[in-house]
Structure formats: structure tokens, C-alpha cells
Amino acid sequence: MTVAAASPAGASPVQDDRAAAHPVQLSPLRTPLCDLLGCRYPIVQTAMGWVAGSSLVAATTNAGGFGFLAGATIPADQVEAEILRVKQLTDDRPFGLNFHMFQPNAQQLLDLAVKHRIRAVSYGRGPDKKVIGRLREAGIVCMPTVGALKHAQKAIEMGANVITIQGGEGGGHTGSVPTTVLLPQVVDAVQVPVVAAGGFYDGRGLVAALAYGAQGIAMGTRFLMTTDSGVPAATLERYVKAKDAERIRVSHLVDGMPQRMLDNEYLQMLEKASPFKRLRIALSSALQWKAQTGMTTAHAMRVLWQALREDPSSVAQTVMAANAPVLLERSMIDGKPAEGVMSSGQVAAVIGKLSSCQDVIDGIVAQAQERVAVLASLRVAEHRS
Ligand SMILES: Cc1cc2nc3c(=O)[nH]c(=O)nc-3n(C[C@H](O)[C@H](O)[C@H](O)COP(=O)(O)O)c2cc1C
């Protein structure tokens with residue numbers, strides 16, 4: 001399949017010695033995104049808190065995809081070691097780093113991205129023009145994830161040079177517009193490469209995304225459900241057994257923002273809990289997260305004060321913010337799926353088994369090539385008839 005090869009404005013491939021060290025091998029599914037990111041296939045493994053560590057990123061990257069380290073949940077004193085470990089496991093292949101501007105060590109992650117010449121960073125809301133300008137000057141691809149057209153436009157105005165759209169069916173924090181509506185809407189409105197996320201898991205999805213005009217797909221849940229993710233077996237079992245997409249649902253109760261997750265005992269408890277009990281849970285998470293991240297009381301107060309100044313209605317959300325990483329850790333690290341949150345895309349309902357990252361990527365590529373051939377043969381048949 002030949003995909004529009006013109007390099008959109010502001011998206012010229014990073015030309016440096018890193019590209020020379022690992023020339024991108026030709027693949028029939030290659031899009032300009034592959035040159036920009038330095039990967040073989042237009043398949044991205046997104047950041048997932050407590051899941052996308054160095055092992056998963058290295059496994060994805062070595063299989064020809066592009067992996068993002070989940071920088072928001074890696075303890076500050078281990079981030080650099082994780083970056084070095086990916087480099088070592090991949091023979092210095094390009095990979096990405098995810099961060100949130102509100103995390104206490106955001107500046108450390110930005111400095112490390114520049115120091116280690118990380119190929120791309122992903123983020124949600126947050127970084128201003130100055131921060132993005134510094135990253136772009138260092139040759140780093142700035143690739144935020146958005147759930148609405150207006151957020152894509154705002155992100156580009158701030159300096160982003162690739163946009164990942166996440167449709168509402170996607171895992172973790174998510175919007176309400178489905179991929180099939182958001183993707184063409186954003187592709188038609190922006191001039192930078194667009195990557196499609198939310199609901200992808202196979203080669204048909206990759207071909208469909210390319211047909212919509214995306215330059216690749218990004219997947220979270222599919223990569224979580226691999227033998228390389230390191231997620232404890234008890235938790236993975238819940239994902240594999242999830243067969244009802246309707247029970248992979250959105251709730252605001254974890255941190256005040258819409259978040260898609262597997263239905264479980266903990267979510268049901270939260271739904272039944274009184275506002276007072278929910279506040280107690282949020283405060284306890286906040287204290288645990290403050291201790292884990294080494295956040296100073298002054299920083300916590302600054303974050304609260306900023307929320308109060310910008311939007312008083314967001315104060316409750318700010319207090320609840322620590323619930324997401326703390327409750328995710330219980331499932332993803334402690335292996336206690338009934339006692340925490342299991343962020344998930346609805347796509348978990350159609351992924352029947354765990355595979356390695358290599359098998360996932362090989363399978364997607366093989367099926368995509370097969371679908372492209374089938375589509376081409378339909379055209380041939382049409383001409384003959
Ligand atoms: C367990 C889990 C944890 C996640 N954690 C993060 C995160 O820390 N940062 C982030 O930007 N997105 C996070 N996400 C969202 C994913 O990066 C990705 O955008 C989403 O999973 C894509 O939809 P899909 O699950 O249908 O592939 C998370 C998703 C999951 C399933």
C-alpha cells in the first residue's frame with residue numbers, strides 16, 4: 001500500500017546520526033511517520049502507567065514498532081536507568097517518553113528527554129509553547145494525545161508536530177467521540193501526521209486507519225495484553241476473560257475525569273460509596289502518592305492553588321488526581337485486580353489471548369498486507385467484469 005508520502009508542514013524527518021545508526025527497513029506499510037519516529041512499522045505502543053516500562057518498550061521497539069515509556073509512574077530516581085535500559089535492550093533504537101506537566105518531576109523528564117535525545121515525547125494537556133519549543137529544537141517529535149478536534153488544534157498551535165487521536169472506546173482517560181468520527185474529523189482539519197488510537201488490535205484496523213488518512217495506529221490495551229507487559233497473571237486473567245465490551249466502561253469516580261476501565265469489585269464499591277468515603281479514599285491516595293513521588297507539601301499546595309485560581313470546580317478533581325496512579329498500581333504491580341483500577345479499552349473484549357509483542361506486530365503486519373491484497377484484487381475483478 002502506498003500512503004501519501006508528502007511530508008506535512010513541520011513534520012520533516014529528524015535527520016541526524018541516530019537515523020543513520022538504524023536505517024528504517026522498507027516495508028509495504030511504511031508511512032512518513034516511520035521516518036519521523038525511526039521505526040519499521042507505523043505501529044505505536046502508547047504509554048500506560050505501571051505497564052509501559054523498559055521491558056515492554058524494548059519488546060515493542062525490537063519488533064519494529066515504536067514504544068513509549070510511561071514516565072509519570074516511574075519513580076524519579078529510576079527514570080534515567082529505565083531510559084538507559086531501553087537503549088541497551090534495543091541496541092539504541094529510537095523510542096519515546098510520556099510525561100504529564102503536573103507531575104512533580106516533569107522538569108527532570110524534559111531534561112532527560114533532551115539529554116538522551118529521546119525520539120518523541122507524548123503528553124496530554126499541559127506543556128506551553130516554550131517547553132515544546134525547547135523539545136522541538138532538540139529534534140524531539142512532540143506527539144500529544146487528544147480526544148477532541150479543538151484539543152488537536154490547540155496542541156498544534158502550541159507546537160505539536162504529530163497528533164495522536166484517541167477515540168472514546170480507548171483505555172484510560174478518554175473522550176466521548178468514537179475513533180471513526182474523531183479520526184476523519186482531525187485528519188481533514190490539520191496539516192501534521194495523525195496517528196489513530198482507541199480500539200485497534202489487528203491488521204484490519206491498521207488498514208482502516210490508513211484508509212482514513214492516518215499515518216499509523218497506536219495501541220495501549222493490545223500491548224498490555226502481551227506476555228511482555230509484566231502485568232501480574234491475576235490481573236491479566238481479568239483482561240483475557242473480559243468478553244463484554246459494555247462492561248468495559250467509563251467512570252468519573254476514580255479521579256473526576258472520564259476514564260475507561262474493566263468493571264470490577266472496586267469500581268462497584270466506589271459507585272456505592274458515600275461522598276465522604278470517596279473523599280477519604282482520595283486523601284489517602286494523595287498522601288501515598290506524595291510520599292512515593294517525593295512531592296513536597298509546597299508543590300502540592302501550589303498545584304491546589306493553581307487549580308483554585310484557574311477553575312474552582314476542578315479542585316475536587318485535583319484532590320482525586322492521585323487515585324489514578326495509586327489504584328492502578330494495585331492491579332498492575334501488586335496483582336490485586338479486585339482492589340484497584342484496571343484501565344482498559346473496549347478492545348479487550350475482542351482480544352482472546354496473550355501474545356508476545358513480536359507476534360502482535362507480525363500478526364498485524366501480515367493481516368494488513370493480506371487485506372490490502374484482497375482490496376486490490378477486488379479492484380482487478382471490477383475492471384475485468
Ligand atoms: C492500563 C492503562 C494505563 C494507561 N496509562 C496512561 C498514561 O499513564 N498516560 C497516558 O497518556 N495514557 C495512558 N493510557 C492511555 C493509553 O496510552 C492509550 O492512549 C489507550 O490505551 C489507547 O486505546 P486502546 O486501549 O483502545 O488501545 C493508559 C491506558 C491503559 C489501558
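**Strand E9 and its surroundings**

A: Let's start with a pair: strand E9 and strand E10 (residues 216-219) run parallel to each other and are joined by three bridges. Two strands count as paired if DSSP finds at least two bridges between them. The names come from DSSP runs numbered from the N terminus, with helices being H or I runs of at least four residues and strands being E runs of at least two.

Before going further, a word on what you're looking at. This is a predicted model, in which local features need pLDDT of at least 70 and side-chain atom pairs count only at pLDDT 80 or more, while totals for chains, interfaces and linings use all residues. Residues are numbered from 1 along each chain as its sequence is written. The pLDDT is the predictor's confidence in each residue, from 0 to 100. For the protein chain the mean is 89, with 87% of the residues at 70 or more. Over residues 1-16, though, pLDDT falls below 50, and that stretch has 30 contacts in the model beyond near neighbours in sequence. A contact here means that the C-beta atoms of two residues, placed from the backbone, lie within 7 Å.

Back to E9. In its pairing with E10, Val 195 has Gly 216 as its bridge partner, and Ala 196 has Ile 217. E9 also pairs with strand E7 (residues 163-166), in the parallel sense and over four bridges. There, Ile 163 stands opposite Val 194 of E9.

Now look at which way the residues of E9 (residues 194-197) point. Val 194 and Ala 196 point one way, Val 195 and Ala 197 point the other way, and all are buried. "Buried" means that 20 or more other C-beta atoms, placed from the backbone, lie within 10 Å of the residue's own; 12 or fewer makes it exposed, and anything in between partly exposed.

How does the chain get from E9 to E10? E9, helix H9 and E10 make a right-handed β-α-β unit. Right-handed means that, with the strands pointing away from the viewer, the path from the first strand over the helix to the second runs clockwise. H9 covers residues 203-212, and its buried residues are Gly 203, Gly 205, Leu 206, Val 207, Ala 209 and Leu 210. Just after H9 comes Gly 213, with a positive phi of about 110°.

Leaving out residues up to four places away in sequence, Ala 196 touches Ile 165, Thr 179, Leu 183, Ala 209, Tyr 212, Ala 214 and Ile 217. One of these, Ala 209, is among the buried residues of H9, and another, Ile 217, is the bridge partner of Ala 196 in E10.

Zooming out, E9 is part of an open sheet of nine strands with parallel pairing, in the order E5-E4-E3-E2-E1-E10-E9-E7-E6. The edge strands are E5 and E6 (145-146), each pairing on one side only. Val 141 sits in E5 (residues 141-142), and Val 141 counts as buried because 25 C-beta neighbours lie inside 10 Å. Its C-alpha atom is 9.9 Å from that of Gly 159, which is 18 residues away along the chain.

Of the contacts between residues at least 6 apart in sequence, 64% join residues at least 24 apart.
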